[in-house]
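Please look over the structure shown here while reading the numbered points that follow. They are meant to be read in order.

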Amino acid sequence: LVASRRALKDAGLEPEDVDFIVFATMTPEFIFPGSGGLLGAKLGIPRVPALDIRQQCAAIPYGLQVANGLIETGAAKRILLIGAEAHAGFMPWDDWDVLYGETDRKVSEEAYEKGTRHRGLAVLFGDGAAAMVLERAEAPRGFLGAELHTDGRMFDRIYIPSGGFRSRPYFTPEMFEREEHIPRMQGRDLFKTAVTELNRTVRSLCETLEVSLEEIDWFIAHQANDRINAAVRQALKAPPEKVPSNIARFGNTSAATIGILLDELRRDGKVKEGDLCCFLALGSGLNWGACLIRM
């Protein structure tokens, strides 16, 4: 909600100026309904259509292509695109009052051991939100194109085993006891896939749009892992200054990472009007892709 209001204020608009909402999250308030309609109600525009998408960390390339399609077909004129995550809820904590600073008591040895056991996951993720206001732009500015891919064969590279409707009921106490509500991740496989596929996808997109890699001013990558982004940068032969990072301060905020980083770059005066930006990301699904935007 805060990110959406700030995006609208930055654009000099009111919520009533939005005629479509695209909401990306993998940590919704409810299993159903989706989060887009709830946001619309909080913004005071309850009848505006809202679409929820579930591409996890790859949400922004997907969301931008969806928004471009809605605008190009005339289905929408001004879209609010949101990526927001509240990852803390599936972290391995038991003592939430300690986590939020409500007490200075020590956690139990059992809770400490549990958190330590999952530290490789817990240190990666953060909570955050970002929002963009999108409308038709006059050439040469705007959305130039995207290349997107999904391969469900690799769903178990990063996923949450429990809480799905394969079981009856969809969640049981035993699942919680087995810690199946905590994400499972195959880090090495993800690393190899991300580096290979993101490099391949960016190069393919540039070839399709007849844009050279050297013409791109900014490679704004999903902030999952600095080692992944460094390896992708090296594969693309891009200079370090073109591949910014803020993961050390915010962690992996999944659908929000690209938007948060773009906002920082704009506010710092680094990304300017006319710059050519490549957004690239890979996430659970597996979903991945890249898109080119002329700011």
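1. Which residue caps the N-terminal end of α9? The cap is N225, with a side-chain oxygen 2.7 Å from the backbone nitrogen of R227. A polar contact is a pair of N or O atoms within 3.5 Å; within protein, one must be able to donate a hydrogen and the other to accept it, and residues adjacent in sequence count only if both atoms are side-chain atoms. Helices (H or I, at least four residues) and strands (E, at least two) are DSSP runs, numbered from the N terminus.

2. Some notes on the source come next. This is a predicted model, in which local features need pLDDT of at least 70 and side-chain atom pairs count only at pLDDT 80 or more, while totals for chains, interfaces and linings use all residues. Residues are numbered from 1 along each chain as its sequence is written, and side-chain values use heavy atoms, with hydrogens and water left out.

3. To stay with α9, its buried residues are I228, N229, A231, V232, R233 and L236. Buried means under 20% relative accessible area, exposed over 50%, and partly exposed in between (1.4 Å probe, protein chains only). An α-helix has 3.6 residues a turn, so residues three or four places apart point the same way. The cover over the buried residues of α9 includes α8 (187–209), β8 and β9 (276–283). Just after α9, K237 has a positive phi of about 60°.

4. The structure holds one cavity of 30 Å³ or more. On a 1 Å grid over the protein atoms alone, a cavity is a set of points where a 1.4 Å probe fits but cannot get out, and lining residues have an atom within 4 Å of a point. Grid points are joined across faces, edges and corners, and a volume is the space filled by probe spheres set on the points. The volume of the largest cavity is about 50 Å³.

5. What lines the largest cavity? Its lining is made up of F219, A221, N229, V232, R233, L236, A238, V243 and L280. The most comes from α9, with four residues. By type, the lining has seven nonpolar residues, one polar and one charged. Here Ala, Val, Leu, Ile, Met, Phe, Trp, Tyr, Cys and Pro count as nonpolar, Asp, Glu, Lys and Arg as charged, and the others, Gly among them, as polar.

6. Four aromatic pairs are found in a search of the whole structure. The ring centres of F90 and F125 are 6.0 Å apart and the planes stand at 90°, so this pair is edge-to-face. The pair links distant parts of the chain, 35 residues apart: F90 is in the loop between β3 (78–85) and α4 (96–99), and F125 is in the loop between α6 (119–122) and β4 (128–135). F90 is buried at 11% relative accessibility, and F125 is buried at 13%. W96 and Y100 form a stacked pair, 6.0 Å centre to centre with 25° between the planes. Rings of Phe, Tyr and Trp (its six-membered ring) pair if their centres lie within 6.5 Å; planes under 30 degrees apart count as stacked, over 60 as edge-to-face and the rest as tilted. W96 is partly exposed at 27%, whereas Y100 is exposed at 54%.

7. Is H181 buried or exposed? H181 has a relative accessible area of 14%, so the residue is buried. H181 lies in the loop between α7 (173–177) and β7 (184–185). Leaving aside neighbours within four places in sequence, H181 is in contact (heavy atoms within 4.5 Å) with F90, I160, S162, F171, M175 and F176. E179 also lies in the loop between α7 and β7. E179 has a positive phi of about 60° although it is not a glycine, and at 12% relative accessibility E179 is buried.

8. Two peptide bonds deserve a look. The bond from R168 to P169 is cis, with omega near -5°, and P169 lies in the loop between β6 (158–159) and α7. The bond from G285 to L286 is cis as well, with omega near -15°.

Conventions
On a 1 Å grid over the protein atoms alone, a cavity is a set of points where a 1.4 Å probe fits but cannot get out, and a pocket is an open set with protein on both sides within 12 Å along at least five of seven lines; lining residues have an atom within 4 Å of a point.
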